Amino acid sequence: MRVLLRARESRWLAPAAVAIAVLVTLLLTAGPIRLAGANPVAAYQRYLVTPLTTIGGLNEVLLASTPLIFTGLAVAIAFRVGYYNIGAEGQFLAGAAAATVPGLYLADAPAAVALPLALGAGAIGGTAWGFVPAWLKRHAHIDEVVTTLLLNPVALLMVQGLLNGPWRNSESGFPDSDRYGAGYTLPAIVEGTRTHWGFLIALVLVAITFVVMSFTPLGLRLKAAGQAPAAARFSGIPVSRLQWRCALVSGGVAGLGGAVQVLGVQHQLTGGISSGYGYTGVVIAALGGLTAGGVLLVALLLGTMTVGAQNASITLQLPTQMGTIVSSTLLLAVVSVLSLRHYRLVFRRRPRAVEGGEAS
Amino acid sequence: MNFPLFAILAATLTIATPLVWAALGAVINERAGVLNLGIEGTMYAGAFCGFLATAMSGSLWFGVAAALVSGLLAGALMALLTVTLGVNQHVAGIGTTLLLVAVCNFTNRLLFSDGSQTTTEKFDRLLPGGGLLSQYPMTYVAFLILAPALWWVLRSSGFGLRLRAVGENPEAADAAGIPVAKTRYAALILGGALMALGGSFLTLSLLGSFTIDIVSGRGWICIALVIFGRWQVWPVVGGALLFAVADALQLQLAITPLFSDVPNEVLIAFPYLVVILALAIWGRGVRYPGAYLKPYRRA
């Protein structure tokens, strides 16, 4: 039996690989679920099915998916052009903090002014947080992975510092900001439910990214710069300029996500505003194949699992961390199995060894 | 103001210890051509498994052994993903970190769900009585044994030469008969063990207990230190000391009346910013290992 490179792939191969990876994930995660004293089948049903069976559940899924679409898209935009922005977490937090500035200091603004102002501030905040790593990458060739990663804890410290200092709640004294003015609320899409206009903003961004990536020369250049930077440079594509721009756009998208989260859900800044959305964004972008449609689908899947994990922690006493275990196992399983699809097994005796023939 | 120089220097050595262990683990990985972003999760796993085994068995040495094993396994997982399967190293590393942190927190929640803070015994400082040399055993090992030994291994030993060859030019190494995949596996497993032992320092020497988010970005700092130290053992140790001085200084300033008005968070963020600044000044135009981020396949 030997392992050989495949000359060509058939169309069913990638979907089959993903199906195998899902199966592997279910098998691997059944163990810890058992350890926690829950029935794996019941747990999977809670994670993947229950949230989708009621209107209220669906609503929560869309709500939970919204920040994930932003961070997933932010990471995908950057990764696609070969800029490894792992700082969506910090950029998300910076966006939330920036949107809080008008929310607290211009509290009386009417919604027509307030919302664009706060959303714009969020996008600028995220871009600003992504600016330093992008600048260092472009002008000093300093690895963006390290600088974006290091700025994540700094962003969290900044938010905590603001909440313990100038923005401490004036009524309760807790480290949460005061509530924003009335104009700073992203309204619900349907009256009486919680899914807000932020979800539609996310959909618009997905659509724009999809069109740019798939149907414009710019999209093709971005792809070339990401997949074969040397060849792209040779054919006259300004790789580092494209990376620079995508890095800023990526930060802006993540920051907008932070703004949407505070304006749509919390209506105040809290220290726990991002429960690891930036890092989950890396999972989503990678699982979504760095495409806009893929990001949307995977974000909805992980949103479902987030709601399901909360549900399962109450009904099955299964700690919510199980949701992260499942999603990160799924990521590793999918990328692993997908890497195998380039090979095929040959079940026949090795042809007579040519001289110096290798053992494998 | 009486400047507490010796207190700061003593704290510097303590703070630098987990960084030296983990960053030297990362040096081994990257010299073999693999960027291991699983470092944060591996340190977390080392901290948690060390604590858990000590709490269960009552023996610190069981704790150290458990941390070691968790690091070997985490390194083997990274090796499977990046060497055998050739997965994108950024994605594999972040995925590994997320997985390990979630598994540790999950287990922690299951075993200690009543919220009671379990504490274990912890290592004593050698040469008690304070002063610069009153440090934990792992601090001594890090500076006096690990760093010199690794420096020698990478520079002069056969294993070190093979490791560097595999990280610089796997094609040539392969042609010369060096088993590329095996060498990289060895590098990742050994490096993982050092990272996890570095993490266990936090629970078994410093705290004697485990808290959520105990590693808090130290792994990312190590990745930065490795670039800052240009993949050389002693400069990386120097970088760890630089970060630790900044951290010790901010801890000292936090209890100095003159700085009582400065928000605590600004002081905590200070060492991170020092590392970024140091990278910006001395990290430009560094030469990465030749096969950095590149999986190797025989053509």
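Student: Which residue follows H10(A), and what is its phi like?

Tutor: A:His267 follows H10(A), and its phi is positive, near 60°. Keep in mind that this is a predicted model.

Student: How far apart are the end C-alpha atoms of helix H10 of chain A?

Tutor: They are 39 Å apart. Helix H10 covers residues 239-266, and at 1.5 Å a residue its 28 residues should span 40 Å, so the two values agree.

Student: And how many residues of H10(A) are buried?

Tutor: 22 of the 28, so H10(A) is largely enclosed by the rest of the structure.

Student: Zooming out, what is the secondary structure of chain A?

Tutor: Chain A has 13 helices and 2 strands. Its radius of gyration is 23 Å, close to the 21 Å from the globule rule for 360 residues, so chain A is as compact as a globular protein of that length.

Student: What share of chain A counts as buried?

Tutor: 51% of its 360 residues. As for contacts in chain A with a separation of 6 or more, 77% come from residues 24 or more positions apart.

Student: Switching to charges. How many salt bridges are there over all chains?

Tutor: The count is 3. One of them pairs A:Glu60 with A:Arg194, with the closest N and O atoms 3.0 Å apart. That pair links distant parts of the chain, 134 residues apart: A:Glu60 is in helix H3, and A:Arg194 is in the loop between helix H6 and helix H7 of chain A.

Student: What about A:Glu144, buried or exposed?

Tutor: Buried, with a relative accessible area of 2%. A:Glu144 forms a salt bridge with A:Lys137, the closest N and O atoms being 3.1 Å apart. A:Lys137 counts as partly exposed, at 23% relative accessibility.

Student: Which residue does B:Glu168 form a salt bridge with?

Tutor: B:Arg287, at 3.2 Å between the closest N and O atoms. B:Glu168 lies in helix H6 of chain B and B:Arg287 in the segment after helix H11, so the pair ties together parts 119 residues apart in sequence. B:Arg287 is exposed, with a relative accessible area of 59%.

Student: Last topic, the surface. Which residues make the nonpolar patch of about 450 Å²?

Tutor: A:Val101, A:Tyr105, A:Leu106, A:Val113 and A:Leu117. Helix H4 and helix H5 of chain A each give two or more residues to the patch.

Student: Where does A:Leu117 sit?

Tutor: In helix H5 of chain A. A:Leu117 counts as partly exposed, at 35% relative accessibility.

Definitions and conventions: Residues are numbered from 1 along each chain as its sequence is written. Chains are lettered from A and ligands numbered from 1 in the order in which they are written. This is a predicted model: local features need pLDDT of at least 70, side-chain atom pairs count only at pLDDT 80 or more; totals for chains, interfaces and linings use all residues. Side-chain values use heavy atoms; hydrogens and water are left out. Patches are made of residues with over 30% relative accessible area and no salt bridge: like charges are joined within 9 Å, nonpolar side chains (Val, Leu, Ile, Met, Phe, Trp, Tyr) within 5 Å. Accessible areas come from the Shrake-Rupley method with a 1.4 Å probe; for residues, only the protein chains shown count as cover. A salt bridge is a side-chain nitrogen of Lys or Arg within 4 Å of a carboxyl oxygen of Asp or Glu. Helices (H or I, at least four residues) and strands (E, at least two) are DSSP runs, numbered from the N terminus. Buried means under 20% relative accessible area, exposed over 50%, partly exposed in between (1.4 Å probe, protein chains only). The radius of gyration is taken over C-alpha atoms; the globule rule is 2.2 Å times the number of residues to the power 0.38. Contact means heavy atoms within 4.5 Å. The expected span of a helix is 1.5 Å times one less than its number of residues.
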